[in-house]
Amino acid sequence: MTLQTYLDSKNITKYHLSKISGVPKTTILDICAGRSSLERCSARTVRQLAKALDCSMEDIMAMAEEQPETETPETEESEDDSYLECGLPPFLQESVEAMAAAWQKLDAGEEYLRWDCDYCSLQSDINNAEVNQLISSEQAWYLREKYLGMERV
């Protein structure tokens with residue numbers, strides 16, 4: 001049984017689950033849509049879902065086994081993923097813009113000596129926003145892949 005199937009069987013909306021669990025709605029949407037995996041969620045998120053659904057963490061993780069595999073496209077990002085940049089916290093948006101500007105300078109052949117600072121700041125801000133559940137794991141990986149050139153392993 002997937003998380004979506006479970007929610008349907010209990011007549012619980014994703015919005016309601018977000019409200020009663022404290023897990024961001026985007027995270028729940030990503031899990032139910034197969035864009036993110038329960039296996040990639042933090043223990044805190046799994047615990048919050050389990051408590052809200054009145055089941056064990058093991059029950060939640062069993063739902064992960066039923067989730068379809070999420071595929072990371074090996075081609076360029078699709079335009080459909082741009083929504084993952086919406087609603088970022090201001091500090092993270094500022095770091096994204098600084099890194100985008102740094103890439104533009106480097107791509108134009110300009111000498112830019114603060115590139116490594118921008119890179120580290122963005123990486124730190126993404127991690128901070130993800131850990132504090134200001135953005136979903138899927139958003140964090142989208143930003144890492146797009147702006148930092150990182151790949152999921």
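The legends below describe close-up views of side-chain contacts in a predicted model.

**View 1. The salt bridge between Glu85 and Lys146.**
A search of the whole structure finds 2 salt bridges, and one of them joins Glu85 to Lys146, with the closest N and O atoms 2.7 Å apart. Glu85 is found in the loop between helix H5 (57-66) and helix H6 (90-107), while Lys146 belongs to helix H8 (residues 137-148), so this contact ties together parts of the chain that are 61 residues apart in sequence. The two partners can also be described by their accessibility: Glu85 is buried, with a relative accessible area of 18%, whereas Lys146 is partly exposed, with a relative accessible area of 34%. As a general point for reading this view, side chains of opposite charge can pair when their charged atoms come close.

**View 2. The salt bridge between Glu130 and Arg144.**
Here the side chains of Glu130 and Arg144 meet in a salt bridge, with a distance of 2.6 Å from N to O. Glu130 lies in helix H7 (residues 115-131) and Arg144 in helix H8, and the pair, 14 residues apart, links distant parts of the chain. Glu130 counts as partly exposed, at 21% relative accessibility, but Arg144 counts as buried, at 6%.

**View 3. Arg144 over the ring of Trp141.**
This view stays with Arg144, which lies over the face of Trp141 at 4.7 Å from the ring centre. Arg144 is also the residue whose side chain meets that of Glu130 in a salt bridge.

**View 4. The aromatic pair of Trp103 and Trp115.**
A search of the whole structure finds 2 aromatic pairs. In one of them, Trp103 and Trp115 are arranged edge-to-face, at 5.7 Å centre to centre and with 75° between the planes. Since Trp103 lies in helix H6 and Trp115 in helix H7, the pair ties together parts that are 12 residues apart in sequence. Trp103 is partly exposed, with a relative accessible area of 29%, and Trp115 is likewise partly exposed, with a value of 26%.

**View 5. The aromatic pair of Trp115 and Tyr119.**
Trp115 also forms an aromatic pair with Tyr119, and this pair is tilted, with 5.3 Å centre to centre and 35° between the planes. Both residues are in helix H7, where a spacing of 4 residues means that they are separated by about one helical turn. Tyr119 counts as buried, at 18% relative accessibility. Taken together with the previous view, the ring pairs link Trp103, Trp115 and Tyr119 into a cluster.

A disulfide is a covalent bond between the sulfur atoms of two cysteines. With a cut-off of 2.5 Å between the sulfur atoms, the count for this model comes to 0 disulfides. Cys55 is in no disulfide, and the nearest cysteine sulfur, which belongs to Cys32, is 13 Å away. Cys120 is also in no disulfide, and for this residue the nearest cysteine sulfur is that of Cys117, at 7.1 Å. Cys120 itself is partly exposed, with a relative accessible area of 48%.

Notes:
Residues are numbered from 1 along each chain as its sequence is written. This is a predicted model: local features need pLDDT of at least 70, side-chain atom pairs count only at pLDDT 80 or more; totals for chains, interfaces and linings use all residues. Side-chain values use heavy atoms; hydrogens and water are left out. Buried means under 20% relative accessible area, exposed over 50%, partly exposed in between (1.4 Å probe, protein chains only). A salt bridge is a side-chain nitrogen of Lys or Arg within 4 Å of a carboxyl oxygen of Asp or Glu. Helices (H or I, at least four residues) and strands (E, at least two) are DSSP runs, numbered from the N terminus. Rings of Phe, Tyr and Trp (its six-membered ring) pair if their centres lie within 6.5 Å; planes under 30 degrees apart count as stacked, over 60 as edge-to-face and the rest as tilted. A charge sits over a ring if NZ of Lys or CZ of Arg is within 6 Å of the ring centre and within 35 degrees of the ring normal.
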